[in-house]
Structure formats: C-alpha cells, structure tokens
Amino acid sequence: MADPVAAMCEQLIKAVNVMMDAESNQRYRLEALKFCEEFKEKCPFCVPCGLQLSDKSQAAVVRHFGLQILEHVIKFQWNSMPQQDKVHLKNCTMELLKNGTYPILEEESHIKDALSRIVVEMIKREWPQHWPDMLKEMETLTSFGDTQTELVMLILLRLAEDVITFQTLPMQRRRDIQQTLTQNMDGIFTFLLTILQQHVDEYRRLKRLPGHELKAKAHCRVGIATLNTLAGYIDWVALIHITNENCHLLEILCLLLSEPELQLEAAECLLIAISRKGKLEDRKPLMLLFDDVAMHYILSAAHKFLHSSSTLTTWGNVFRHEVLSKDPVIVQMAIKYLKATTTNLVKTGFPSKNDSPACEYARVDFDSDEDFNAFFNSFRAQQGEVIRPACKIAPLEAFQVAGEWLQYQINTPLDTGNCMSKSGEGFCSVLSPSVVQWDAMTFFTESVMGQLFKILDKEKLPVDQGMELLQAVVNYETRDPLILSCVLSNLSTLFPFILHQPQFLPKVFYKLFPSITFEIVEESKAPRTRAVKNVRRHACSSITKMCRDYPDFMMPCFDMLYMQVKKLFANELLLTQMEKSALMEALVLLSNQFKDYSKQKAFLEEHMASVTARWLSGEMRSVLWDPASFLAFVGTDQVINEPGSEDQMGINRSRISFCVYTILGVVKRARWPTDLEEAKAGGFVVGYTSAGLPIYRNPCTEPLLALLPNLLALIRTHNSLYLPENQARLSETFKRAYDVMDVEKNLILAIPQPVLDVYDSPVYKSSLERMQGFFCTLYDNCYHVLGNAGPALQQDFYTIEGLAEKLLGSALIHLEHVPDHRLRPLLHILCKMPSSGQWCSELYHLLCPLLGLLFSHLLQRLNLRWQIINQRTSVCGPDEDECSGESQVTQEMLEERLVRLVTREVLDLLTVSCIARKLPEAAGNREDADGDEERMATDSSQLNVSQTADELTELGKCFLQHEDMYMTLLAISFNSLSWRDTTNCQRAATLVCWALLRQVVGGNLLPEAVTWLYASVLSALQMHGQHDGCNAALTQLALLIYDALRPRYVELRAIMNQIPNIHPEHLEQFDQKTVDPMLQKVGEKKRKDQFKKLIAGTVGKPLGQQFKKEVHIRNLPSLFKKAKPSKDIVSDSTKAGLVELFSPEHDDH
C-alpha cells in the first residue's frame, strides 16, 4: 500500500501548492480544489495520506492540509471505522502531539490549532465512556515540554468552547461531557493553576537573565495560552472553583496585571469573573478585588492604558458609578484622565504622514487616511463619553484644563505645516498642526462646558475666568477658515457666561456678523470652499441657537439684529438660501418674545411681504400649477453647454427655494407664549374648548393660509413631474435630475464620505448636481411645512374646508410614479404626527382617509418591490456579477437598500398610527439598522396574550371601524413577515401582527383569511426561522393564532399536517388540548416547547448551511442512568403504609 499512498501524497502536495500559490490560474486552482475535496470524500487512503502529509518535514501549508484530512475523517467517517483503526488514529495523533511539531516559538499557530481540533473531535466522540484516561494523558503530555503544554491548553479551551459556548454536539453527548468536566473541575483548575504558576515563575526568572530571552518567551507563551484557557472556563464553572483557597486564582490574576506581556489576558479573566451572575453570598468573596492591594494592581495597570479604547468603557463606568465616583482616588484619576486627554484627542498618526510614532502603526492597521479618520472619529466620540462623567466628578479642574488649553492655542502662532492648502499660501489644510490642535481643543472644551453649566449652581460658576476666555476668543483674529470655524465653536460654547455680563453681548454680534459673509478672496467668482461654507453656516446657526436658547436675553438686540439682516438680504446673491433661512428663523424666534399678537403679526407680515408678493404673483401661480411651465421656469428643458448660460434659471430656482424656506421658517418657529396669562394678555387666546382648554391663535396664521394653496399646488406639480410625459420634457443635460444625489446615495449605502481633502478645495458642482439638490431640498421642505402646519396653526389648519381632498389631490397624487427615495419625506412627517393633545380628534378625522389611501398604495408598492428583489436573488447565478457592470450592481444595491428603509418606515408609520403601548426606537430612522440581524434579542416578551384591548390608538380604532382599511393593515403586517428583512420581520411579529389581529379574532373571519394569516407566519419561519430573535417572535405569534382560532377553524389543522417531518400522534395530542382547554395540564413554557417542536419542520436553513455536509456524533451509553422507582406502592410489601404514599420520592407520581 505504501506505493499508492506515496503517489497520492505527491499529487496532493502539488494540488495544495497550486491552490495556495497566488500566481495560479483560477481554472487550475478550482481543479486542484475539486481534486482535494474528492480525495477526502472517496479515497481509502485518507488516514495514511493525512499522517504522511502532516509530518513536520513537509511545508506548513501541506501539513495543515494533512491535519485537515485527519479532522475530516474523524468528523465524517468515525462512525463507520473499525475499532482498531480508531485506536490507531488516536495513537498516531498523540504521537503528533509529542513529536510532530516544532518548538513553541517556531511552530505556526494554524498548525497548533488544527492539531488541537483533531484531538477535540475525538474527545467529543469517545470521552469519557471509551477514553476514561483522557485528562491523565493530557496531563502527562505537559511533561514533554512547552510546545505540548500549549497544545494541551488549546485542546482544553476548544473543548469548553464546543461543549459550553457553541454547543456543537447532540444534547446527550453535551450533557455527558459537561457533567464529566464538572466532576473533574477541581483537578482541572488545580492543573491549570499549577501550569500557570510554574511557567510564570520561570518567565519572571529567565527574563532577567541575559541570553535567556527565547526561553523566557516560550514560558510566557504557555502562560498566555493557560490564561486564555482559564477565560474559557471561568465564565461557567461553579463559583467555588474561582473563590477556592481564599480566592487564590484572583490573587494570581491581580499580580499578573503588573506583567506587560500577560496583563491583557489576566484582565480578561478578571473581567469575566466579576461579571458572573449568581447569589450574593456566593459572589461575596469577589469583593477581595476591592481591597487596597488588589486595587493598587488594578489601578496601576489601568493607568498605563488610560486611553486604550478597550479601557475607555471601563473608565466611563467607574466615573459614572454612584459610589466609586466619590472616592478621592477616583477623583484624582479623573483629573489625570482629563489632562491625558489633551494629548490623545489630537488627530495625529495618519498612515500617509510621518509626524508621529503612531504613523508606523497606522500603516499596519489602516489602508488609507480616510479609514484612519473614520476610526479616530469613533475613538474620539468614545473619549467624549468618558470626559463628560469625569467632568462631573471634577468640574472646576476640568474647566481649568480646558481654559489653559484654549489660552495656549490662542497665544500660539499658526503652523500650517507641510500640508499646502489649495486655498492659497499661508492657509491651513485639514492636516496642518494648528488645525488638529484647535480641533482637539474645541472638542474637549465643548465636552467640558456642556457639563459645567448643567451641574454647577450659578453661584459656583467660574464667571470671571469664563468671561476672560470669551474675551480672548472674541479678540482673536484669523482669516483661516478652518481655524475660524473652531473659534466660532468656542464662542458658542462659552456664550452662557454672557448671561452674567450682558454688556458684552454686542461684541459677540460684531464677531459673528462678519463671519456670515466670510470670504477668503472678496468678490471672487470661484465657488467657495467647504471650509468657507462651514464658517458662514456656523455663524448663522450660532445666532439662531442663541435666539432659541436665550430669547429673553437676546430680545434687547432685536432691532439691531433686524437691521443687520435687512442689509444682508438687500443683495439677493450675497447669502445662500440656507443662510437666509437660519437668520429668518432667528428673527421669528425673537418675535415670539413680543408676547403681543398684533405686534408679532404685523412684524411677520412685514417680514414676509416680499415673499408673499412673489409667491402670490400671477407669474408664480402659472409656474407652480403647471408641470410644463414649472420645468421651463427652473431650466430643466435646457441643454447646458456653457456654465454661465444658466444663471437666469438659477435665480428662478433660488427664488422658489427662498419662498419655501421662508414659509418653513415661519411655520416652524412662530408660536404663542407658553404661559397662559401672558397669552391671554397678548391676545393669543380666542376661546376655550368644552373641556376648558384654551384655544390659541398663531400670529402667522393669516399670511400662511394665504400661501398654502400655491404650496399644495407645488407639491402636486412635484409629484406630477414623475409622469412619463413630464419626464420626456427633461433635456439631455437633466435626464437624471430626479435621481438620488451622490451624497444621499452614499448615506443610504453607508459609504463613508471622503473628508480629508475637500475642506480647502472649491466646491464645483455640475448643472445636474445643482438641479438634483434643488429638487431634493424643495421636496423635503414642502413636506416639512405640511408637517409643522398642524402643530403651529391647530384649529385654523384642521378646519380648512375640504382639506382632506386638497391633501389627497396634492401630497398623495400619482404616488405610483413617485420613486422610493422621494416617498420617504412623506413617511417621516407622518411618523412624527402628535399622538395626543386637544386637536387629535380633528387630526384623526383628517388622517383616516389619507392614511387609508396611502397604506393601500404602500401594500401594492412593497409587494411588487419585494417580489422583484426575491426574483433577482433567486435567478442570480455564479457568473451573474461578472456579466453585470459595476454601476448596475451598485444601482441594484441602492434600490434594495431603499426598499428596506421604506419598508421599515412604513412599519414605523403603521405602529405609530395604530399601536398605543410604548415601543422601542423606530428602526426606519436608523440608517445602520441592517446590522441588527446578528444581534437580535431572543426575548419575545412584548408579544403577550394578556394585553388589553386599549392597545390600539384612537386612530387605530378609527381604522377598525373601516373593514377594508383594517384588512389592508393586517395584509401589510403579515406580508412583511416574509420579506427578506429580518429586522422588519421581528418588529412586525413582536409589535404589530398580534396587536392588530387580536382585535378581530372574535369576529367572523373568512376561513381563507385565517388560512392565509397562519400560513404567512409559517412561511416567515421558513425564511427567517434560523435567526433566534425571529424564531422566538414568530413561534409565539403562530401559537397565539393557533390557540385563538383553531377551536373555530379546522383549516389550521390541515395546514399543520403539511409541515415537513411533523409527528401525527404528537400533533393529535396537541390539537386535542387546544380544542378542549380542559385537557391542558402542562405549563405554559412546556406547551410552547411542544409547539416549537411541532413546527420545527418549517424553519428554513440559512444559505450558508443549505449545502453543508452534516456531522453525526453518536450517543454513547449513558453515564448517569437512574433506575425509576416502582409506581405500584401497594405491591411493595415493605412500603405499603400510608406514610410511604406521601414520601418525597413519590411526589412527582
């Protein structure tokens, strides 16, 4: 046999080398892979070939493949192997452990891992029944050297992972092994601690001796492996093993925190130990970790890693702890942390640079500066979460650190570094030394000051020092836009100090107003850089924020602010629409402080006069009411060759945008006084409801109601733009004017924005990009106006004659042509509608017909969209991507992602509309919600039979009165269970489906409807049942439906009969108990388990498991078989008394 084995090994070595060679042709690589897989499945020489290939004389990749062959044999051929072959393979494996590897520091880690896997696979099949001395053999192996000791640690760790953590064995085998491990745990822990102590002692001794570095490293490696193995056991063993001998294990782990090479693994073990749940008295010995000696070691180690991202969470928890945060030692650590943060917040270490030692490490960890930047932003956000609680502990010290850093930056000359800005000579780029310092300081100051004003009483605030800092910021002059943006941030952060010295307010305004019109080069024709735009927006939003947060304080400056804004608005092209909008909102916010209806109304009419005149003009009316005129007016019918030739159309677009921005700013900000007495005195109250609640009037009502018809016409026109005849009117330049903007596309696809080189580059936009931005912003703003109109105008809005018909004819017209990304603003606005308040009945009367039509459309839309996605997924072959262009693949990804987002937002809308109980955060508004699939909770406790009938909202009860409308809601909910979105499935099953269905289960549902509802849940289990969270929610939903409807609908039994692999006798028993509740004697949990087993055949396999070869591990003779006591007590002459009938051992009978 030797010759064929040698020949086969030679072929296998060639095949492995072809597979692993980066230069191999793809065809040859696939052929080599096929040859190797067929060999493992069919060749009778697997064991001898595997042993020969795994010899240490072979190359590492060949040895690894040889070990893979042996593992494959054990997994798939063990049950059919003769006993002598099993013994032979076991003996050969033990020989490999003893002599088949290189020394510990030379051997490849993947070889050690593969070898340990082989042993564990044999243990899972034979221990303890057929291999009772396994633990002794492992202990003996450790006497052969460091390499063997490390391998034994890997074996014990993987065994614990497979049996306890991953549970990759049948139940009986898992129980046998776990019980045997538990019985031997005293010996195992003693063995592990002995190995750990022995090798740590040797490591400490040898590392101090010159020439023994390699031996010391070998002992250190064993120590690390032993600590990793301990971590795999500490999580689940009885606490007594951790606290044995006065917590000897914890004492060792604390001492190891002082060893740099071992402290991370030791800290992991300690963290697992103190995170254990259990009885208080069992965990009491763990308090040893809080004595002086242990805390000394813990704090010393933590101080060295003060800003490691792995310890940030720990420090945050310590600083937030109610008791620990008051300890003087922790207070001092908080101050040290704050001081150390001033270094760690500075964004240095870019892989493309050499200005920091961290750059070398960054080149290993990150592919680009963008990757590093994304990581650092996340790291900085984590640090902010720790800075804030640290500031609460030591607020004045934190203020001092922030003040000193700010003063230092103000007094330090600008350093542009080697990074030349595209804005011109002498300007900083985003990577300039001064910018990264100012940026870090600004973040720190914002984090500190935000807490300072919250936690300190007015008398304790360091007002004089704060005003000194504010004075320094106001006096600081710079023309660099990146630095100026940081200066404005600090100005906003320190602004609350002005409340104590109001005379300083004009100086702040004189600092802000020049920044509103900031330019690097005055009257330049070139587009502004992003940094310049940020400065201007920053200045405008700062003024708005001040007027919003401190209106009483800002009111004396109203006239000055109004005059300045008028001057800025005089030049139509001086400010962008967004900048104008921010300043208008600031004025409207301050006008609320008039607290005089007539005065505020007069101001708003004057403020809106030019907009009102333009919006109501005959020209604008003809444009807004006719799609063809609108397209011509904004310039989408023109072919643009010269950039300057579209200026006139650009002005037209800006004028429409300005009108809508103005309407939005007024309707969003204009309000009556919150104090009822002030509102009555100012003329804002016009009466009272029957319940005695005041009825307010908004001073903006009259001007806004006059503008509303044209706004509704604009919305109708906008929806009409997607009709084929209007799409045909677009010129070649603007064919894609309605497409998703690139920025929006990147957000939807979670593609990070390139942020490093754009700040100092002029923002050149093509004609198409400007047109896309115009349509996107205009569409969003129109819906925001509608969303704010109800809360702002209240009865004056809801009582508009024919309002429902007007909204149906504008916002909901031609929805079948409106693309998904344009539908989302409407869904967002509806999701934010008020669920309570005095005008809710009017709102519900308005919304009922609107939402009825909308939900009916959404059901058809989403069914069609998901059908397309399912077809696309099912027909996609292996070569599909190769023949599809990259742009087509990206477009399909975008479409699918949009469908997922819209689906979640529709479910959010349905939930907000109908379900009254408190719900988790809406998923549709989270762009990153796809990542929830792997983290979904398995708890379906929210799905509960005992919920009250009041779980429907008032609007939900309105829907309940309209059968067609309510059936549409049920159809959306139950259809959504089978759409390819696990997050949506779990939310629908847990929160919506039963809440809606239980309202009608007592009615006369058609048998076909009941059949469809139940089949929908089982179909969802087929698609999503492999996910624990979905499985739990869907199983519970199916059980609730079966219990509620099976007694009246025998059709459900017919559906159950169709489930694959169902046991008819078990189904019969369960069904009888469901039909006749008197027969039910089992507990609720046991009944759920029975039902789960009945429908297990519906659960589909995930794609990755569908073609996986099954591993079968046979059960061995039971270790712990108990003889059942006789139930016939009377027949036992020794136990015939009445006393014996009630003995504990018979209680269960």
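This is a predicted model: local features need pLDDT of at least 70, side-chain atom pairs count only at pLDDT 80 or more; totals for chains, interfaces and linings use all residues.

**Notebook: charged pairs and a threonine**

I started with Asp-739, which is partly exposed, with a relative accessible area of 32%. The side chains of Asp-739 and Arg-736 meet in a salt bridge, with N and O 3.2 Å apart.

How many salt bridges does the count come to? I got 46 salt bridges for this model.

**Second pair**

I moved on to Glu-905 and found a salt bridge to Arg-824, where the closest N and O atoms are 2.7 Å apart. Which helices hold the two partners? Glu-905 is in helix α44 (residues 886–914), and Arg-824 is in helix α41 (residues 820–831). The two are 81 residues apart, so I noted this pair as a link between distant parts of the chain. Buried or exposed, I wondered about Glu-905 and Arg-824? Both turned out to be buried.

**A network**

Then I checked for salt bridges that share partners, and I found one network that joins Glu-71, Lys-75, Asp-113, Arg-117 and Arg-158. I zoomed in on one pair from it: the side chains of Lys-75 and Glu-71 form a salt bridge, 3.4 Å from N to O. Where do these two sit? Both are in helix α4 (residues 60–77), 4 residues apart, which is about one turn of the helix.

Lys-75 has a relative accessible area of 25%, so I wrote it down as partly exposed. Glu-71 has a relative accessible area of 8%, and buried means under 20%, so Glu-71 goes down as buried.

**The threonine**

Last stop was Thr-990, which I found in helix α47 (residues 982–997). Why does Thr-990 count as buried? Because its relative accessibility is 6%, and the cut-off for buried is under 20%.

What does the Thr-990 side chain have by it? I found the backbone oxygen of Gln-986 lying 2.7 Å from a polar atom of that side chain. I also looked up Cys-1030: in sequence, Thr-990 and Cys-1030 are 40 residues apart, and in space they are 8.8 Å apart, C-alpha to C-alpha.

Conventions. Residues are numbered from 1 along each chain as its sequence is written. Side-chain values use heavy atoms; hydrogens and water are left out. A salt bridge is a side-chain nitrogen of Lys or Arg within 4 Å of a carboxyl oxygen of Asp or Glu. Buried means under 20% relative accessible area, exposed over 50%, partly exposed in between (1.4 Å probe, protein chains only). A polar contact is a pair of N or O atoms within 3.5 Å; within protein, one must be able to donate a hydrogen and the other to accept it, and residues adjacent in sequence count only if both atoms are side-chain atoms.
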